[in-house]
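Please look over the sequence and the model shown below before reading on. The report that follows takes up a few of the features one by one.

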Amino acid sequence: MPEDIWARSLIYLGIRRDKAMKNTKVSKRKLRLLREKREKAEGLKGGLNLKITVGKDGLSRLEDESGTVFLSKTSDKAIDRDYFLRYVYCHYALCKTPPAKYTTCNQHRDNLNNLPCGKEAQALLKTIMPVKKGDTVVEAGAFQGFGTIYLSQTVGKEGLVVAIEGDANNYEMLCRNLEVNNIKNVIPIHAAVWDCDKMLPFYSTGSQRRSLVESLLKYNSSEAVQARTIDGILDDLGIENIDFLSLEVNSAEAAALRGLKKRLSSKHPMRVVSAGWYKDNDGVLGADAVSSELKKHSFVTHLGVRKRVYGYRR
């Protein structure tokens, strides 16, 4: 691996480039030892050493040691790092605690290991909640597909992932990431999710901040987007039941659940993981609204320390 790529890879291990490259004659062996020292300190074994290149089309191409490729429209190392961590420590890896230096959003540190529910309940959740081989999964708020790749790999050929993304640019990158990794068990859908089918203003600030909820991003620009119910999307695809639902839709989570009433009203076992740290237009905290909707349909719910909601029905 070229030395400059080694140096950039070390950034992802919490080692500053200027420190690692202070002496321009630093050997690859020295850089490798620095990387291994960091991995040992954080209890990691590889998987974070990235090969990073920027193509003629301006896309960053990140490739991990397993050969999984991640494309993004930025060559900014801090943003690339955040995108990559959505795969390594995505919130679907429910029993995998991200080290403090490896995440930029505290909310993403919620997982079953730090869930304040007692050891017995925690052990039960670790058995019930994780995504399993053969699952049918709906991922609402798929962003650019980094977590989608994890889901695809986890459910395997026997499973299916419906990845829904409302932002046009993010949806384009989602499709490109599926294509470059030759992923066949994911159906990408370009739509926002809501409790009805209609065109709605989509408020935005930056590629990661999109919301149908005006109060969250009301002072930012907006453009019209097609909103769909998840029930309607699944009906169109001929999918009767789902096993796992992920909701990361910036304060529209409760509305998305109201648009899934048909599946929630069935008796089919289901697990739900939802963001809950934003408030809706009425000032109701997402965690409270999501838990309330799920409990109407006989779900057991637990709340993470950073307001992520975990729910299941057996």
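How many disulfides does a search of the whole structure find? The search finds 0 disulfides, a disulfide being a pair of cysteine sulfur atoms within 2.5 Å.

## Basis of the report

This is a predicted model, in which local features need pLDDT of at least 70 and side-chain atom pairs count only at pLDDT 80 or more, while totals for chains, interfaces and linings use all residues. Residues are numbered from 1 along each chain as its sequence is written, and side-chain values use heavy atoms, with hydrogens and water left out.

## Two cysteines

A disulfide is a covalent bond between the sulfur atoms of two cysteines. C117 counts as partly exposed at 22% relative accessibility, and C175 is also partly exposed, with a relative accessible area of 26%; buried means under 20% relative accessible area, exposed over 50%, and partly exposed in between, with a 1.4 Å probe and protein chains only.

## The open sheet

An open sheet is formed by 7 strands in the order β6-β5-β4-β11-β12-β14-β13, and the pairing is mixed. Its edge strands are β6 (186-190) and β13, each of which pairs on one side only. Strands here are DSSP runs (E, at least two residues) and helices are runs of H or I of at least four residues, numbered from the N terminus, and two strands pair if DSSP finds at least two bridges between them.

Strand β4 (residues 136-140) pairs with strand β5 (residues 160-165) in the parallel sense over 5 bridges, and E139 stands opposite A163 in β5. Helix α7 (residues 168-180) packs on the sheet, touching β5 and β6, and its direction makes about 165° with that of β6. Such angles run from 0 to 180 degrees between N-to-C directions, with axes fitted as lines to C-alpha atoms, for helices over the stretch in contact. Helix α12 lies across β12 (270-274), β13 and β14 (309-313), running at about 5° to β14.

## Two buried loop residues

T229 is found in the loop between β10 (222-228) and α9 (230-237), and this residue is buried, with a relative accessible area of 12%. The side chain of T229 reaches the backbone nitrogen of G232 at 2.9 Å. Leaving aside neighbours within four places in sequence, T229 is in contact (heavy atoms within 4.5 Å) with W194, D195, C196, D197 and G259.

F299 lies in the loop between α12 (286-295) and β13 (300-303), and F299 is buried, with a relative accessible area of 5%. Leaving aside neighbours within four places in sequence, the contacts of F299 include L264, M270, V272 and Y312.

Notes
Polar contact = N/O pair within 3.5 Å; in protein donor to acceptor, adjacent residues only side chain to side chain.
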